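Hi there,

Here is the structure I promised to pass on to you. Have a look at it first, and then read my notes below.

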Amino acid sequence: MDRWQAMRVFVKVAEAKGFAEAARHLHMSPPAVTRAVAALEETIGARLLTRTTRSVTLTDAGARFFEDCTRILADLAEAEASAAGSFARPSGVLTITAPVIFGHRYILPIIMDYLAQHPQVSIRTLFVDRMVNIVDEGVDLAVRIGNLPNSGFSALRVGAVRRVICGSPDYFEKNGVPAAPADLANHAVIATTSAWASSEWRFGQNDKTIVHVHPRLFCNTNEAALQAAIAGFGLTRVLSYQVAPSLVSGELQTVLSAYEEAPLPIHLVHPEGRQAPAKVRTFIDFAGERLRADRLLN
């Protein structure tokens, strides 16, 4: 009998507190279970179990070995599950959540290319500008922008973005360009009412500066705030990927770049760890490579 199987037999005997009961669980004969434990004790050179006519208990050495065996066997099972998941054919419904603009611009094109390669998978998207509860809402994979709290979930970093202030060339021509965060008091501000919106705008990576803004226009979506800024109404604060196309076209310009906070990381987050289904693991590998190659995110 190999060492792994002998360890499994020993663990089952310790859990069942008896050879006969362990034999029933393992579909083995009691003599075979007894021989396996005896051979393990001989190999180790220590008695692991104390046997009486009424019970089987662990010795001190057996108790320590039991804990080690339990951990080792659990790691082995997880490694086997991970390998099986890596090579199994992806199938089933995959639910993915992301912020609205990020989902439309980055995740949706990746999804369509992924589906072309994996005909057994269907994908349901949940693109919303709020923090989705992965477990309660049945989500397999989430795009998270910002520093992650301790959750026990697995996360793969795929990039980073900046929080920027922008306005149109026409607005700056008429109202001037703010030279410092305090100058925002003299400018029209467009704010969003998303879950992450705040009237406190923070600046600086080390010496933090907080400016309380007083918006004249509140928009419930980032797209609306950007359109108002393009129209020349005022300044708005968004993430760099959200404003990138308008910067390229010249419709908007960023200001106060020297006062920006540290970049915000982008992660792909999922709850299953290494035992994630093939549909999750393969999408993470596929999307991770694409997102990391995008110069606007890295």
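**What I found**

Setting aside neighbours within four places in sequence, F102 is in contact (heavy atoms within 4.5 Å) with I107, V143, I145, Y241, I266, L291 and L297. Before going further, please keep in mind that this is a predicted model, where local features need pLDDT of at least 70, side-chain atom pairs count only at pLDDT 80 or more, and totals for chains, interfaces and linings use all residues. Residues are numbered from 1 along each chain as its sequence is written, and side-chain values use heavy atoms, with hydrogens and water left out.

**The cores**

F102 also belongs to the largest nonpolar core, which has 30 residues; F102, I107, F283 and L291 have the most contacts inside this core. A nonpolar core is a set of buried Ala, Val, Leu, Ile, Met, Phe, Trp, Tyr and Cys residues joined through side-chain atoms within 4.5 Å. Buried here means under 20% relative accessible area, exposed means over 50%, and partly exposed is in between (1.4 Å probe, protein chains only). Two or more residues each come from β3 (92–98), α5 (100–117), β4 (121–127), β5 (141–145), β6 (154–161), β14 (264–270) and α9 (278–292). Which element gives the largest share of this core? That is α5, with seven residues. Apart from this core lies another, of 20 residues, including V11, V37, C69 and L73.

**The whole chain**

In total, the chain has nine helices and 14 strands. Both are DSSP runs numbered from the N terminus: helices are H or I with at least four residues, strands are E with at least two. The radius of gyration of the chain is 29 Å, well over the 19 Å that the globule rule gives for 298 residues, so the chain is more spread out than a compact globule. That radius is taken over C-alpha atoms, and the rule is 2.2 Å times the number of residues to the power 0.38. Along the principal axes, the C-alpha atoms fill a box of roughly 95 × 45 × 30 Å. Of the 298 residues, 43% count as buried. Among contacts with a separation of 6 or more, 73% are between residues 24 or more positions apart.

V164 lies in strand β7 (residues 163–167) and is buried, with a relative accessible area of 2%. Beyond its neighbours within four places in sequence, V164 is in contact with T236, R237, V238, L239, S240, V243, T254 and E260. Its C-alpha atom is separated by 36 Å from that of S122, 42 residues apart along the chain.

H270 lies in strand β14. Is H270 buried or exposed? At 8% relative accessibility, H270 counts as buried. Leaving out neighbours within four places in sequence, H270 is in contact with D140, L141, F153, S154, A276, V280 and I284.

**Two loop residues with positive phi**

Most residues other than glycine have a negative phi. K17, in the loop between α1 (3–16) and α2 (19–26), has a positive phi near 60° and is not a glycine. At 58% relative accessibility, K17 counts as exposed. H27 is found in the loop between α2 and α3 (30–44), and has a positive phi of about 55° although it is not a glycine. H27 also counts as exposed, at 74% relative accessibility.

Happy exploring!
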